[in-house]
Amino acid sequence: MSADEVLGVENVDAGYGETTILRDVSLSVEAGEIVSMVGRNGAGKTTTLRTINGILSPDSGRVTHRGDDISNLDPAATAKRGVSLVPEERQIFPELTVRENLQLAAHGGAEDTDSMSVDEAIGQFSNLGERTDNHGSSLSGGEQQMLAIARALVAGADVLLLDEPTEGLAPQIVDDVVDIVRDLNDRGITVLLVEQNVHVCLELADRNYIIDQGTVVWEGSSERLRNEQEILDRYLGVTV
Ligand SMILES: Nc1ncnc2c1ncn2[C@@H]1O[C@H](COP(=O)(O)OP(=O)(O)OP(=O)(O)O)[C@@H](O)[C@H]1O
Ligand SMILES: [Mg+2]
């Protein structure tokens, strides 16, 4: 492990009940990086994030946060350490307003990390500012995604685990999410980004892992990945 490692996944096997999904998955995220995990539908991306935040525990191998073994911590305990999952389904409370959703996140948040105040988070996300009193249920997909990320920041994220933040969003809104993630990273927040959209990864990530059928099959910088046409085609079915 390097001194700057925030998150380490070491030779992890994990899955659901008797079904093994992840096989010997290893990855590492250093402080201040944006690292992506990209792969097709069903490749094991969400399963990887669930194993990191403690919804699942590894059957073998281990997960570390800042050098400590967190393999057997539950989601509440990893959240307390600032390992913050922004799930695919976003899980906004529809009956609560934007402000109430954020206030709720401020309780039960991380203990030792810097957290954003509710007002600071609202300021950071310009489109939420106009909607602080709107109910979660009235937000667009893009606004829900912004709120889900804002909530993680208010709770005090040391590392943000983003599960397909651009899924289902219009291209213009995808650009807004990309800008937000870049801004947050410029402010020092470390990001592990899971995506099916390799273009988003190439735009944002310092390094990328490609996952296919539960196994990491390629690792490298965005600069290198851009030139790996054969790899992109084989594992992601895209031409860039
Ligand atoms: N709760 C579950 N119980 C059993 N199998 C599951 C469960 N959730 C996911 N799987 C299986 O695990 C495999 C990996 O799923 P996972 O959700 O990690 O993929 P993913 O890469 O996140 O895909 P997507 O891009 O569609 O979100 C799939 O074969 C899926 O069917
Ligand atoms: Mg998924």
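Helix 1 gives the largest share of the shell around ligand 1, with 3 residues. The model is a predicted one. In all, 13 residues surround ligand 1. The closest are Tyr-16, Asn-41, Lys-45, Thr-46 and Thr-47. Two elements give two or more residues to this shell: strand 2 (19-30) and helix 1 (45-53). By class, the shell around ligand 1 has 3 nonpolar, 8 polar and 2 charged residues.

Next, the helix packing. Two packed helices are described by the angle and the distance between their axes. Helix 3 (residues 98-106) and helix 6 (residues 141-154) have axes that come within 8 Å and cross at roughly 35°. The crossing is right-handed. On the helix 3 side, the contact is made by Val-98, Asn-101, Leu-102, Ala-105 and Ala-106. Helix 6 brings Leu-147, Ala-150, Arg-151 and Val-154. This contact of helix 3 with helix 6 has 7 nonpolar, 1 polar and 1 charged residues.

The class make-up of both sites:

| Site | Nonpolar | Polar | Charged |
|---|---|---|---|
| Contact of helix 3 with helix 6 | 7 residues | 1 residue | 1 residue |

Now the core. The largest nonpolar core has 68 residues. Helix 6 gives the most to this core, with 8 residues. Which residues have the most contacts inside the core? They are Ala-150 and Leu-161. Ala-150 also belongs to the contact between helix 3 and helix 6. Leaving out residues up to four places away in sequence, Ala-150 touches Leu-102, Ala-121, Phe-125 and Leu-128.

Definitions and conventions
Residues are numbered from 1 along each chain as its sequence is written. Chains are lettered from A and ligands numbered from 1 in the order in which they are written. This is a predicted model: local features need pLDDT of at least 70, side-chain atom pairs count only at pLDDT 80 or more; totals for chains, interfaces and linings use all residues. Axes are lines fitted to C-alpha atoms, for helices over the stretch in contact, and angles run from 0 to 180 degrees between N-to-C directions. Helices (H or I, at least four residues) and strands (E, at least two) are DSSP runs, numbered from the N terminus. A crossing is left-handed if the near helix is turned anticlockwise from the far one by less than a right angle, and right-handed if clockwise. Two residues are in contact if their C-beta atoms, placed from the backbone, lie within 7 Å. Ala, Val, Leu, Ile, Met, Phe, Trp, Tyr, Cys and Pro count as nonpolar, Asp, Glu, Lys and Arg as charged, and the others, Gly among them, as polar. A nonpolar core is a set of buried Ala, Val, Leu, Ile, Met, Phe, Trp, Tyr and Cys residues joined through C-beta atoms within 7 Å. A residue is buried if 20 or more other C-beta atoms lie within 10 Å of its own, exposed if 12 or fewer, and partly exposed in between; C-beta atoms are placed from the backbone. A residue is near a molecule or strand if its C-beta atom, placed from the backbone, lies within 6 Å of it.
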